[in-house]
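Here is a quick tour of a protein model for someone who would rather look than calculate. Keep the viewer open and follow along.

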Amino acid sequence: MTERRCIYCGRLADLDKDALFRLPPDHGRVNDAVYRRFLASRGIEGVRAELPAVCGKQSPDFSKIEWENGKPVLVTKTGRSTDTLICPSCHNELFRDTESGSVRSAVFFGEKDSGKTSLILALAGKCITRQFSPDERFRYILNDRICDAESIVGAAKSIEEGGKPSDLREPIAVYRVSSAAEGGTAECDVMHDASESDTGDEQAIRAAMPFADSSERYVYCIPADTLYETVLADDGRADMKMRLEMMKLLAACRYAQKPPALMLAVTKLDTARGEITEMYRDEQTLRNYIYSAYPCIEELAPFFAEVRAFAVSAAKPEFGDCDLTGELYAGIFG
């Protein structure tokens with residue numbers, strides 16, 4: 001059995017049973033109602049839903065499915081072939097090398113303006129610039145479209161120069177080769193911006209959780225200045241507010257196949273004040289500092305597989321003599 005996981009909606013499709021393909025563009029375009037509903041559910045506007053028709057095993061045009069270099073290809077009764085495999089649930093493209101075991105995803109939480117989107121772009125930009133060489137297998141998703149690596153690296157660079165990113169309506173999916181040897185598999189690291197859950201509305205949380213069942217990492221972002229001021233004020237109301245935030249994560253855990261790890265990311269380190277500027281190198285010290293500000297996190301820690309702490313700056317990915325962005329990426333994805 002060969003399966004592919006959709007990086008847009010999280011559906012795991014069995015190609016032997018569920019394979020759907022787009023016919024060649026010159027076959028004609030039709031309004032794809034499934035894809036249109038998907039766009040509407042994500043608030044994506046300005047994207048055409050008139051696409052080449054869908055063909056599968058139940059379609060009158062279907063003849064057979066062949067495999068070429070490990071890639072499924074549909075052949076119609078007229079002898080035309082297409083390898084554009086699409087998701088049965090949302091009709092977005094299913095990319096090769098996205099078997100269930102090769103997709104690792106993380107969901108980024110945090111209050112509004114906590115730096116979630118900037119951090120995701122910084123992590124993706126760092127990964128691309130450090131680990132990649134040109135390869136046609138690499139695909140990057142930014143908002144509602146496939147883009148080239150330069151688009152993400154450019155967005156990360158803009159943040160370093162003081163720019164403010166727009167919300168990531170879709171996940172960033174980064175494919176990376178796990179082995180340079182011939183026949184090596186590709187792995188897909190996916191980062192989801194849960195900005196839609198900023199409202200705290202349960203329905204919004206569900207909308208932001210299409211990948212929670214496969215996400216083994218929840219990253220919670222806390223701005224450095226907010227953390228410092230909370231410790232300084234020693235105000236119990238901040239802990240109560242954080243408890244509500246942690247409840248969002250625990251609500252998301254209901255969708256997970258197993259308890260995820262909680263990664264506490266102290267963001268905007270370049271704006272930090274006080275002792276945080278000295279403790280970012282020591283994870284245990286940083287985690288204890290976070291616990292002193294928000295005792296509820298330590299109290300709720302047993303609900304997660306583990307709790308780790310990192311400090312990072314999207315504006316300065318390499319902070320001081322440390323590659324903090326690289327360390328966080330390694331902590332999330334290995």
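What follows covers the overall build, the cores, an aromatic pair, the pockets, and a few spots in loops and at the chain's end.

**Overall build**

First, a reminder that this is a predicted model. The protein has eleven helices and 18 strands. It runs to 334 residues, and 51% of them count as buried. If you take the contacts with a separation of 6 or more, 73% are between residues 24 or more positions apart.

**The cores**

In soluble globular proteins, nonpolar side chains tend to be buried together. Here, the largest nonpolar core has 74 residues. Phe108, Ile172, Ile290 and Ile297 are the ones with the most contacts inside this core. Helix H3 supplies the largest share of the core, with eight residues.

Leave out its neighbours within four places in sequence, and Ile297 is in contact with Met242, Met246, Leu262, Leu264, Ile290 and Tyr291. Ile290, one of those partners, is itself among the residues with the most contacts inside the core.

There is also a second, separate core of 29 residues, and its members include Phe21, Leu51, Leu85 and Tyr175. Hold on to Leu51, which comes back below.

**An aromatic pair**

A pair of aromatic rings is described by the distance of the centres and the angle of the planes. The structure holds four aromatic pairs. One to look at is Tyr8 with Phe38: the ring centres are 6.2 Å apart and the planes sit at 90 degrees, so this pair is edge-to-face. What does the pair tie together? Tyr8 is in the loop between strand S1 (3-5) and strand S2 (12-14), while Phe38 is in helix H2, so the pair links parts that are 30 residues apart in sequence. Both Tyr8 and Phe38 are buried.

**The pockets**

Rolling a probe the size of a water molecule over the atoms shows where empty space is left.

| Largest pocket | about 450 Å³ | Gly115, Ser118, Lys164, Pro165, Lys268 |

The largest pocket is lined by 24 residues. By class, its lining has six nonpolar, ten polar and eight charged residues. H2 gives the most, with three residues.

Lys268 lies in the loop between strand S17 (261-267) and helix H8 (276-279). Is Lys268 buried, partly exposed or exposed? At 33% relative accessibility, Lys268 counts as partly exposed.

Asp234 is another non-glycine with a positive phi, in this case about 50 degrees. Look for Asp234 in the loop between helix H6 (224-233) and helix H7 (236-253). Asp234 is exposed, with a relative accessible area of 68%.

Gly28 is found in the loop between strand S3 (20-22) and strand S4 (29-31), and counts as partly exposed at 27% relative accessibility. Not counting residues up to four places away in sequence, Gly28 touches Leu51, Pro52 and Ala53. The C-alpha atoms of Gly28 and Ala53 are separated by 7.0 Å, although the two residues are 25 residues apart along the chain.

**The end of the chain**

Finish at helix H11 (residues 324-333), where eight of the ten residues are buried, so the helix is largely enclosed by the rest of the structure. The buried residues in H11 are Leu324, Thr325, Gly326, Leu328, Tyr329, Gly331, Ile332 and Phe333. Just after H11 comes Gly334, with a positive phi of about 85 degrees.

Terms used. Residues are numbered from 1 along each chain as its sequence is written. This is a predicted model: local features need pLDDT of at least 70, side-chain atom pairs count only at pLDDT 80 or more; totals for chains, interfaces and linings use all residues. Side-chain values use heavy atoms; hydrogens and water are left out. On a 1 Å grid over the protein atoms alone, a cavity is a set of points where a 1.4 Å probe fits but cannot get out, and a pocket is an open set with protein on both sides within 12 Å along at least five of seven lines; lining residues have an atom within 4 Å of a point. Grid points are joined across faces, edges and corners, and a volume is the space filled by probe spheres set on the points. Ala, Val, Leu, Ile, Met, Phe, Trp, Tyr, Cys and Pro count as nonpolar, Asp, Glu, Lys and Arg as charged, and the others, Gly among them, as polar. Helices (H or I, at least four residues) and strands (E, at least two) are DSSP runs, numbered from the N terminus. A nonpolar core is a set of buried Ala, Val, Leu, Ile, Met, Phe, Trp, Tyr and Cys residues joined through side-chain atoms within 4.5 Å. Buried means under 20% relative accessible area, exposed over 50%, partly exposed in between (1.4 Å probe, protein chains only). Contact means heavy atoms within 4.5 Å. Rings of Phe, Tyr and Trp (its six-membered ring) pair if their centres lie within 6.5 Å; planes under 30 degrees apart count as stacked, over 60 as edge-to-face and the rest as tilted.
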